[in-house]
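Open your viewer and get ready to select along with this tour. Each stop tells you what to pick and what is there.

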Amino acid sequence: MAAGKMAIDSCRHKTAYSYLEVASSLLPNDHWESYYVISLRLSFMMASAANSSCKYDEAEIILQRILKEARCTKDKLPPYLLLSQIQPPTDTNSSYRLSPVFQAQGKVADAYGTCSSILTQLGETIPDSVDYEIVGAMIPETLRKYDEVYCDDWLGKKMEDYTLRYVIRFYLQMSQAAFFSKAPHIVAYFFCKVAQLSLENGVCQHTPQVFLQLSHIIMRSGNNIACAHRIAKNAMVLSERFNLSDQMAQLSLIFINAVGHLEWFHAGVQRLRVCFDSALSSGNAEMGFFCALQLVIFSILSGEKELTLLLKDIDYYLHLLETYKSEISKKYLLSYRETVSMLIDKGEATSIEAKEYLGDANDPGNKFMDTYYCQQVLRNFWLGYGERCRHFAQKGFARIPQGRFKEVEEIIESMKVAVKHADSNIRNKLELLQAELHGLGARHNKAVALYNAAIASAKKSKFIHEQGLACERAGLYYKKMGFARDALVHFQQAHACYKEWGSSVKVGAIQRELDGFNSIGTSFI
């Protein structure tokens, strides 16, 4: 048993399970009666090691036995929580197959129901439904409490109640399940409720996650971006006060999902790489692959990694998934792989037989379609297929309540607000959009200044692909205006940027522009 504990502490979960299995075999047949405490501890360690070793069926059997033999509610809380998290292989025909967290295990409804049942037994009231108006009032109320309570005195107030700490954990788990099986405002309700519980009762090792989730809700509501960013950063600082190495990957992932777009994309890439390695080494494969998914997205958005190298990374993750068997992670990775393959060479030499599986495109609960439409917009934008890009954007907006296209001027005003919070990620895009608008309006001097500014901003942020885009758009503008020499210079710069990015298809498109200059001759230049 001691050897198993040491193996768990050093993240050797398969070895730990073997040791603990031997220890269990040495116990007498009546060990639950004669050695209750040892049996309880040993069995839970075995279940944890089995879960981290992808032995999901074994983990579930052990946990169910613990729940049968446990003598009090306190002893049942840890196995119930782990049971709501375990990840048996996904049934790809399951009606729950599209949830990136619980549907990796095919049991979202079971997870939500388990958490709801336990919370009810612990004295919490779980509503069957929640009105929008209630949630709309809860968010500002929670923020008001946060501003009133968050201080050194509260930070020094420890949540001593063992049961209450588990109440917090079950609410967090149920909120994550609700994210993929309930309406968004219900998720917001639970996160606000657990945040208020924490503000009323003090801090524990789960408090950082509570407020990271709260920041996510605030960001989604769009009411107070600066406040959401502040709460998220405070939560990460608070996490440093606890020994949360086992939670760090999850906390960083929530931070990235909540406010990662406000910080330099390249910093997010580096953070996610560390989280992926940390999660896998600690036996939390599920969280590791969620980090990998975000890592791929941020790598595409930032242009941080040459595309063929990024494709190799994705294939490495897919190879690992042959062992870890997370169908939902595989589904999303295949979608992102298709995008990268299209950006490299339209998939001519880089595609694979395995393709993204869409499921029922008309099912409003099919959340994978949101990703699919987003990836289609991204692919067609970079490939220059404007009508296709617009088509898929309309499809995506149709899935969003009150979703609609905005006029260019309205988008620019929104981006002016966004750049105050995320200058390094937004400025070059804003300047390029403004340059295009001034170019269409025949305001030549302003267009030129903004094209130059967009190129400089993209270069400063190390967005090599967007630097190439700004050069390409400037080249097309100069070509249209008859400034051939300026057009040639910018096309040459775009060619160099796209080559560094690793996009053969974009390099080819720019090369055709350059060939046009060569066919005209130097006298035109």
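Helices here are DSSP runs (H or I, at least four residues), numbered from the N terminus. An axis is a line fitted to C-alpha atoms, for helices over the stretch in contact, and angles run from 0 to 180 degrees between N-to-C directions. You are looking at a predicted model, in which local features need pLDDT of at least 70 and side-chain atom pairs count only at pLDDT 80 or more, while totals for chains, interfaces and linings use all residues. Residues are numbered from 1 along each chain as its sequence is written, and side-chain values use heavy atoms, with hydrogens and water left out.

**Stop 1: α4 and α5**

Select residues 36-52 for helix α4 and residues 56-69 for helix α5; the two pack at about 155°, with axes 8 Å apart. Angles over 145 degrees count as roughly antiparallel, and α4 and α5 are therefore roughly antiparallel to each other. Their crossing is left-handed, meaning that the near helix is turned anticlockwise from the far one by less than a right angle.

Now show side chains. Contact means heavy atoms within 4.5 Å. On the α4 side, look for Y36, L40, S43, F44, M46, A47, A50 and N51, which meet Y56, E58, A59, I62, L63, I66 and E69 of α5. These contact residues divide into 11 nonpolar, two polar and two charged. In this count, Ala, Val, Leu, Ile, Met, Phe, Trp, Tyr, Cys and Pro are nonpolar, Asp, Glu, Lys and Arg are charged, and the others, Gly among them, are polar.

Stay in α4 and pick I38. Leaving aside neighbours within four places in sequence, I38 touches M1 and L27. For a sense of scale, draw a C-alpha to C-alpha distance from I38 to E409: 68 Å in space, for 371 residues in sequence.

**Stop 2: α15 and α16**

Next, select helix α15 (residues 265-281) and helix α16 (residues 285-302). They pack at about 160°, with axes 8 Å apart, and that makes α15 roughly antiparallel to α16. This crossing is left-handed as well. Among the residues that meet here are F265, L272 and F276 from α15, and C291, L295 and F298 from α16. The contact residues divide into 14 nonpolar, six polar and one charged.

**Stop 3: the cores**

A nonpolar core is a set of buried Ala, Val, Leu, Ile, Met, Phe, Trp, Tyr and Cys residues joined through side-chain atoms within 4.5 Å. The largest one has 71 residues, and L333, V340 and Y498 have the most contacts inside it. Helix α16 gives the most to this core, with 11 residues. Centre on Y498: beyond four places in sequence, its contacts include W382, H465, L469 and I510. Then jump to a second, separate core of 66 residues, which includes M174, F211, L251 and A258.

**Stop 4: two loop residues**

Most residues other than glycine have a negative phi. Select K346, in the loop between α18 (327-345) and α19 (368-383); its phi is positive, near 60°. K346 counts as partly exposed, at 37% relative accessibility. Finish at A442, in the loop between α22 (423-440) and α23 (444-460). A442 has a positive phi near 60°, and at 67% relative accessibility A442 counts as exposed.

Technical notes. Angles under 35 degrees count as roughly parallel, over 145 as roughly antiparallel, 65 to 115 as roughly perpendicular and the rest as oblique. Buried means under 20% relative accessible area, exposed over 50%, partly exposed in between (1.4 Å probe, protein chains only).
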